[in-house]
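Opening the notebook on this one. I want to look up a few helix and strand details and jot them down.

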Amino acid sequence: MHDFIYDKEGRLCCADVELEKVAAEVGTPFYCYSLGTLKRHIQAFEEPLEGIEHQTCFAMKANSNLAILAFMAKKGLGADVVSGGELYRALKAGIPASKIVYSGVGKTTAEIDMAIGEGIMMFNIESEQELEVIDERAGALGKKAPISIRVNPDVDPQTHPYISTGMKDNKFGIDIEASTRQYLRARQMKNIEIVGIDCHIGSQLTDISPFIDAVDRLRALISTLRAAGMNFRYLDLGGGLGITYSTEHPPHPREYGAAIIEAVKGLDLKLIFEPGRVIVGNAGILVTRVLYRKETPNKTFIIVDAGMSELIRPALYHAFHDIKPLSLKHGPTEKADVVGPICESSDFLAKDRDLPVLSRGDLIAVMSAGAYGFTMASNYNSRPKPPEVLVDGSRYSVVIRRQSYEDLVSGESIPEARG
Ligand code: LLP
């Protein structure tokens, strides 16, 4: 359920805010999020887990603006970070370091130092060398680094290959067969404290069974480690629960929670979750304006003022995002491609889509754009990044302003010409 609904006059609203009005005030394109939807999604995820000791760490790669992160902090959520920049944002938004887990295969020395210094909950270790470096850096800083090993359980999440992460061929995690040896090594390291075990198998999963297969494989590993005398507190199950973009029927968080609780019975570990998409995906949209219609012998193109620089998912994964006009149209429909202004043929938001007949000036919403939308936006073609608007009931705030041309060149310099 989300808050982007047509009112009686057929105008698309976000909660009680009419989106055409926002477009008139902030210009296009812009991202718009509903705080009410976010609240409901957090509740839906948390409720089934109420009876079990856990900490949800929002995967902020899905959406990392400070306003949304501050809301997560208020709701008691932590963060899953994958860079120094994300750690900086999480702390700035008020998420305590003790609720932050740090994943990612390429943590730099500076990032490791920063995370150790801040006192994060744990590093999710992705390779043997990373473990050695973290041990060394913790020693240099006179601290103990809390770690879990991200185990690659080799289960097929049955999702797009670019967002599948828990199979043998993926760069992520440490092979489940090799992880016992790594845990034994970690135990010998003076500056490492083993606090958990972690896995994340992929994103946009629409079936529960891969999650459960992963837990079953980890259960066997946990027994082995315990038999070797190792004690730890956390079982981090990553994120990955899918959402409906079109006709998908992902499990409801209720079913997911219940299945996980059943699967972890008897393990006696505090669960860590790293959901991203399921919390924010359907809490946000991208609003864009039709610049031109272009009819070629083969196709009709609707050229809009947002493209792959604002939302790269269609170009990168052929992802489907529903398109809705801001003013409901009952007339005829036509098959068209919705494309952006970028000089790339992959710059499309929708292909061969049945849409109401759109004209220059019309406004449309690209739905389900709250996750991996703005965070993956770029300045390609020197396009300023769009603003982000947060709606709370009948009020809205611009939480990130539109970039200016000055922003685009800030930090650049031209060296004095020699000779
Ligand atoms: N934890 C880890 C370690 C991850 O790598 C990810 C996502 C998550 C949690 C959150 O997964 P979620 O709950 O959002 O599925 N850009 C792609 C998605 C990439 C996901 C990468 N990792 C997309 O737009 O579909």
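Predicted model: local features only at pLDDT ≥ 70, side-chain atom pairs only at ≥ 80, totals over all residues.

Which residues of helix α1 (residues 19-26) are buried? I get Leu19, Val22 and Ala23, with buried meaning under 20% relative accessible area and exposed over 50% (1.4 Å probe, protein chains only). They sit on the same side of α1 because they cover an arc of only 100° around the axis, taken from the directions from the helix axis to the C-beta atoms. On the face turned away from that buried side I find the exposed residues Lys21, Ala24 and Glu25. Just after α1, Gly27 has a positive phi of about 80°.

Numbering starts from 1 along each chain as its sequence is written, and side-chain values use heavy atoms, without hydrogens and water.

Helices (H or I, at least four residues) and strands (E, at least two) are DSSP runs, numbered from the N terminus.

Next I checked strand β13 (residues 270-273), which runs parallel to β5 (residues 54-59) and is joined to it by three bridges; strands pair if DSSP finds at least two bridges between them. Thr56 has Phe273 in β13 as its bridge partner. Strand β12 (residues 234-236) also runs parallel to β13, with three bridges, and Leu235 is partnered with Leu271 there.

Last, I looked at a helix contact (heavy atoms within 4.5 Å): Gly84, Leu87, Tyr88 and Leu91 in α4 meet Glu111, Met114, Ala115 and Glu118 in α5.
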